[in-house]
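Please look at the model below with its pockets, cavities and aromatic contacts in mind. The report sets out what was computed for each of these topics.

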Amino acid sequence: MKVTVIGGAGVRTVIFINGLLDRYKALHIDEVILFDIDQEKLEIIGKLCKHVVRRRQQDLNIKIAKDPIEAITGADYIVTTLRVGGDHSRVIDETLALETGVIGQETTGVGGFSMALRTVPVLVEYCELIKKYAPDAWIFNFTNPSGLVTQALRSKGYDKIIGICDAPSSTKFRMAKALEVEEKDLYVEFFGLNHLSWISSVKKHGQEMLGQLLKDDQFLQDVQEFSMFDSDLLRGIELLPNEYLYYYYHREKALENILKSDATRGKTIEAVNLQMMKELQEIDIDARPEEALQIFLYYMEVRERSYMSIETGHSKAEQIEKGNLEVPDGMGYAGVMLDCIEGLQSEEGRYLVLSVQNQGCIEGLEAEDVIEVTCKVSKNGIWPVPVGKIPEHCNVLIQAIKYYEKLTVEAIFSRSKEKAIQALTLHPLINSYSLAKVLVEKYDKAYGEIFK
């Protein structure tokens, strides 16, 4: 089977390939095609990927494609992981938002809005090629803002597309570690939207334990995703939150921490990636592949340790030892994708958190609304675990963000500035017509008149 990665020059591709190596034979995957419009960067990332395969003495075939049709033709599974406009577009998104007094995080609020405006039209072009050259392929969308992008593509009739995110699986991993249990023995049920979800059930060996976990201050501190929240809040809502809810529940703290920091998250990532690529361009990767891989791993660790540190005001001060770093196991989006493929190939199936259409899962949402929820994945298809009626405080937030997403989709496809302003006006992190109007004008100017 053939897997294609569109956006293959992304730095996480190396970790993606390493994750594949543990499971590609069992899943009958024998070829991975990498494509990206940045061919120079793709060449570097491709060499690192091939070295990762060789150093583990595996026979997975990695190919670099020169054009998208070559990459897509005959693919069985396609991963879309794009950053239209590159790293600097994220810096622009965040800077313009902060100048206007709002949070510009790339998936939540106006940052995600701007990224979707640039990204959805490009992904539609790729999806048209997929429909023509790989009509039976499953598409795993990892492009942010994943939920909104998946909603947009679903609305255009691309039915075999699944939104994936590594936040829920990473949270479950850290929960299992804190509880000192195997992941397979822990069932964690999520509901909501991408980067706007809650955990409603935690079962160890089949026994519900959410209530006792909410009372356990040590557990709440030991799991990174929960430690940033006020524990009284979590006990009050009687749910465990997705980490991105920090921007809603502690909005003024996040904004204050970002404003007083020397750099936004986007600037931090841009600086790390630029320095990484500079050093990789200066080394002969063919002659010194392990040294090049260690450069890559060092900067990926720097990047990982800076995650959410600006917004929460907490940084990880441990020193990183250069030269002997291990390649991460690819638990992130590679793990989610592979789990989904494994589920689709099995009779027994498995439970995964995916962005799929609601189809009656959450009461009060339309059938075609894309939600992020625990699903049963097997040869019989992908079926959301029924949720039913949800707490009203969750419903209010979900309804607001879902309406914002659908208005944004309308704005993108109609190129309507008025719809775009309506969408941002309703977003809880903007919640102002005058601010929405200023923001839409700023992004329209920055990216060359997106609207007609």
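## The second largest pocket

Helix H17 gives the most to the lining of the second largest pocket, with seven residues, where helices (H or I, at least four residues) and strands (E, at least two) are DSSP runs numbered from the N terminus. The pocket has a volume of about 910 Å³, and of the 32 residues that line it, Lys 172, Glu 183, Asp 339, Arg 350 and Leu 352 are the closest to its centre. Two or more lining residues come from each of helix H7 (167-179), strand E7 (186-193), helix H17 (333-344) and strand E11.

On a 1 Å grid over the protein atoms alone, a pocket is an open set of points with protein on both sides within 12 Å along at least five of seven lines, a cavity is a set where a 1.4 Å probe fits but cannot get out, and lining residues have an atom within 4 Å of a point. Grid points are joined across faces, edges and corners, and a volume is the space filled by probe spheres set on the points. This is a predicted model, in which local features need pLDDT of at least 70 and side-chain atom pairs count only at pLDDT 80 or more, while totals for chains, interfaces and linings use all residues. Residues are numbered from 1 along each chain as its sequence is written, and side-chain values use heavy atoms, with hydrogens and water left out.

## Strand E11 and its partner

Strand E11 (residues 350-357) is mostly covered, since six of its eight residues are buried; buried means under 20% relative accessible area, exposed over 50%, and partly exposed in between (1.4 Å probe, protein chains only). E11 pairs with strand E12 (residues 370-378) in the antiparallel sense over eight bridges, a pairing that requires DSSP to find at least two bridges between the strands. Within this arrangement, Gln 357 stands opposite Val 370 in E12.

## Cavities

The structure holds three cavities of 30 Å³ or more, and the largest cavity has a volume of about 140 Å³. Of the 14 residues that line the largest cavity, Thr 107, Thr 108, Asn 194, Ile 401 and Glu 405 lie nearest its centre. Helix H6 (146-155) and helix H18 (392-414) are the elements that give two or more residues to this lining, and H18 gives the most, with three residues.

## Aromatic pairs and a charge over a ring

A search of the whole structure finds ten aromatic pairs, counted when the ring centres of Phe, Tyr and Trp (its six-membered ring) lie within 6.5 Å, with planes under 30 degrees apart taken as stacked, over 60 as edge-to-face and the rest as tilted. The rings of Tyr 77 and Phe 140 have centres 6.2 Å apart and planes at 40°, so this pair is tilted. Because Tyr 77 lies in strand E4 (residues 77-80) and Phe 140 in strand E5 (residues 138-141), the pair ties together parts that are 63 residues apart in sequence. Tyr 77 counts as buried at 6% relative accessibility, and Phe 140 is buried as well, with a relative accessible area of 0%.

Phe 219 and Phe 226 form another tilted aromatic pair, 6.0 Å centre to centre with 45° between the planes, and both residues are buried. One aromatic cluster is formed by Phe 229, Tyr 244, Tyr 246, Tyr 247 and Tyr 249. The charged end of Lys 156 sits over the ring of Phe 413, 4.6 Å from its centre, the criterion being NZ of Lys or CZ of Arg within 6 Å of the ring centre and within 35 degrees of the ring normal.
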